[in-house]
Amino acid sequence: MTPTIRNHPKIKLVGKRETISFANNKTQELWRSFMPRRKEIPFSIGTNLYSLEIYGASFFANFNPNTPFEKWAAVEVSAFGTTPCEMETYTLLSGLYAVFLYKGAASAGSKAFEYIFGTWLPKSDYLLDNRPHFEILGEKYKNDDPDSEEEIWIPIRVKR
């Protein structure tokens, strides 16, 4: 898995969020509650879904699978309008990212993240930046299908 290094523009998102941990992962429940209601969101752009993670500043330095973080299921919107009940808005600021194309079942994705954080990042010219991480689930995303594809966006900054 060789990433492309890209700048992601500032975008507006609307969706649902949940505080979870890797040990108490409620990602499936979050998406099950979001997907039937995503069409209620006004001004949505395209068909991509955003799976966003917001970690604390020391989350990866002192990794513990019980440490909570914020998980979002969201779509991009052109403007914030009337937000559906039980949903919220989020502005993802622009920034530099390493973008990995992951092919495979979502349940096997942990191996990709182990490679990214354990092999690629330490050997790269970049450091992890304290900004949201996200996955873009596009047209080729098929949940737990081995033929599924998604983009993994890891926030980075150049080593000095």
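**View 1. The largest pocket.** The largest pocket here has a volume of about 1,400 Å³. Its lining counts 40 residues, and Thr27, Ser51, Lys71, Ala106 and Glu135 are the closest to the pocket's centre. Elements giving two or more residues to this lining are H1, strand S3 (44–54), strand S4 (69–77), helix H2 (110–123), strand S8 (133–137) and strand S9 (149–158). Sorted by class, the lining holds 17 nonpolar, 14 polar and nine charged residues.

A few notes on how to read this. This is a predicted model, where local features need pLDDT of at least 70 and side-chain atom pairs need pLDDT 80 or more, while totals for chains, interfaces and linings use all residues. Residues are numbered from 1 along each chain as its sequence is written, and side-chain values use heavy atoms, leaving out hydrogens and water. On a 1 Å grid over the protein atoms alone, a pocket is an open set of points with protein on both sides within 12 Å along at least five of seven lines, a cavity is a set where a 1.4 Å probe fits but cannot get out, and lining residues have an atom within 4 Å of a point. Helices (H or I, at least four residues) and strands (E, at least two) are DSSP runs, numbered from the N terminus.

**View 2. The largest cavity.** Searching the whole structure turns up one cavity of 30 Å³ or more. The largest cavity has a volume of about 30 Å³. Around it sit Val14, Ile41, Pro42, Phe80, Gly81, Thr82, Thr83, Pro84 and Thr89. That lining splits into five nonpolar, four polar and no charged residues.

**View 3. Ser21 in its loop.** Ser21 sits in the loop between strand S2 (11–20) and helix H1 (27–34). It has 7% relative accessibility, so Ser21 counts as buried (under 20% relative accessible area, with a 1.4 Å probe and protein chains only; exposed is over 50%, partly exposed in between). A polar atom of the Ser21 side chain lies 2.9 Å from the backbone nitrogen of Asn24, and one lies 3.4 Å from the backbone nitrogen of Ala23. Leaving aside residues up to four places away in sequence, Ser21 touches Pro65, Asn66, Thr67, Pro68 and Phe69 (heavy atoms within 4.5 Å).

**View 4. Thr83, from the cavity lining.** Thr83, one of the residues lining the largest cavity, belongs to the loop between S4 and strand S5 (88–92). With 30% relative accessibility, Thr83 counts as partly exposed. Beyond four places away in sequence, Thr83 touches Val14, Glu88 and Thr89.

How values were computed: Points joined across faces, edges and corners; volume = space filled by probe spheres on them. Nonpolar A, V, L, I, M, F, W, Y, C, P; charged D, E, K, R; others polar. Polar contact = N/O pair within 3.5 Å; in protein donor to acceptor, adjacent residues only side chain to side chain.
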